[in-house]
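Please look over the sequence and the model below before reading on.

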Amino acid sequence: MDNQTILMVSKTQTAFSQEEVLDVFNKSESLDEIAKTIESAQDRLYTSWATVDSIDKEGQKVPINEAIKQQEILMNRGAPIMDTHTNKSVGNTIAFRVLEHPVTKTIGILHLNKIHKDNILDDKVWTETVSGKRKGSSVGGFSTDKEMVSEDGSIFESLKGFTWMETSNVENPCNPH
């Protein structure tokens with residue numbers, strides 16, 4: 001199983017309630033255990049790395065400590081999941097964890113997400129998530145300042161004063177992890 005992308009792959013016959021999944025998500029240190037539990041969830045649940053401390057495809061990086069600080073605010077605002085930054089809400093993030101990413105060995109924010117089942121767009125996003133067409137999450141927000149930074153031989157634009165407004169379910173995330 002590829003733990004760097006969306007962890008939910010398929011649903012099994014065993015059905016865990018959202019509360020049971022949330023308990024495992026919050027307590028387990030094993031990404032495999034979290035993934036297996038989510039695969040067996042009753043609801044449309046999946047996990048994704050919302051962001052990882054790495055440079056994205058546009059040569060930008062949200063300082064991970066700023067992103068972590070934004071999580072409680074995001075949750076208090078309903079933590080919307082959008083369909084590819086279209087302003088069309090299809091779900092919500094219901095929990096988050098700060099963990100080491102298995103590939104980069106840097107800190108990342110893992111989200112536990114739920115896709116609604118109220119309309120055809122919700123169904124489309126869910127079907128594309130389960131099929132693997134949608135490969136991850138993309139952070140939507142704004143920053144108050146940008147600064148060119150050189151770190152570990154890389155030069156990138158650091159997005160200072162970042163405000164996280166939404167997370168989108170996307171086919172091709174900007175942050176490759």
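At what angle do the axes of helix H1 and helix H2 cross, and within what distance do they come? In this predicted model, the axes of H1 (residues 18-27) and H2 (residues 31-39) come within 9 Å, and they cross at roughly 170°. That crossing makes H1 roughly antiparallel to H2, because an angle over 145 degrees counts as roughly antiparallel. On the side of H1 the contact is made by Val 21, Val 24 and Phe 25, while H2 contributes Glu 33, Ile 34, Thr 37 and Ile 38. Sorted by class, the residues of this contact comprise five nonpolar, one polar and one charged.

**The six-stranded sheet**

Six strands form an open sheet with mixed pairing, and their order across the sheet is S1-S5-S4-S3-S9-S6. S1 and S6 stand at the edges with a single partner strand each, so one side of each is left without a neighbour in the sheet. From one strand to the next, the twist averages 40°. S1 and strand S5 (residues 107-115) run antiparallel and are joined by seven bridges; within this part of the sheet, Leu 45 stands opposite Lys 114 in S5.

Helices also meet these strands. H2 packs on the sheet, where it touches S1, strand S4 (89-100) and S5, and the direction of H2 makes about 140° with that of S1. Helix H3 (residues 64-76) lies across S1, S4, S5 and strand S9 (163-170), and H3 runs at about 25° to S5.

**The three-stranded sheet**

A further open sheet is formed by three strands in the order S2-S8-S7, again with mixed pairing. Which strands stand at its edges? They are strand S2 (60-61) and strand S7 (145-151), each of which has a single partner strand, so that one side of each is left without a neighbour in the sheet. S2 pairs with strand S8 (residues 154-160) in the parallel sense over two bridges, whereas S7 and S8 run antiparallel and are joined by seven bridges. S7 and S8 also form a hairpin with two residues between them, and in the turn Asp 152 has a positive phi of about 50°.

| Residue | Partner in S8 |
|---|---|
| Lys 61 | Ser 158 |
| Glu 147 | Ser 158 |
| Asp 145 | Lys 160 |

Read together, the rows show that Ser 158 is the bridge partner of Lys 61 and also the bridge partner of Glu 147.

**The largest pocket**

The largest pocket has a volume of about 330 Å³. It is lined by 22 residues, of which Asp 56, Val 62, Val 139, Leu 159 and Cys 174 are the closest to its centre. The elements that give two or more residues to this lining are strand S1 (45-52), S2 and strand S6 (136-142). Which of the elements gives the largest share of the lining? That share comes from S6, with six residues. By class, the lining is made up of ten nonpolar, nine polar and three charged residues.

Methods. Residues are numbered from 1 along each chain as its sequence is written. This is a predicted model: local features need pLDDT of at least 70, side-chain atom pairs count only at pLDDT 80 or more; totals for chains, interfaces and linings use all residues. Side-chain values use heavy atoms; hydrogens and water are left out. Axes are lines fitted to C-alpha atoms, for helices over the stretch in contact, and angles run from 0 to 180 degrees between N-to-C directions. Helices (H or I, at least four residues) and strands (E, at least two) are DSSP runs, numbered from the N terminus. Angles under 35 degrees count as roughly parallel, over 145 as roughly antiparallel, 65 to 115 as roughly perpendicular and the rest as oblique. Contact means heavy atoms within 4.5 Å. Ala, Val, Leu, Ile, Met, Phe, Trp, Tyr, Cys and Pro count as nonpolar, Asp, Glu, Lys and Arg as charged, and the others, Gly among them, as polar. Two strands pair if DSSP finds at least two bridges between them. On a 1 Å grid over the protein atoms alone, a cavity is a set of points where a 1.4 Å probe fits but cannot get out, and a pocket is an open set with protein on both sides within 12 Å along at least five of seven lines; lining residues have an atom within 4 Å of a point. Grid points are joined across faces, edges and corners, and a volume is the space filled by probe spheres set on the points.
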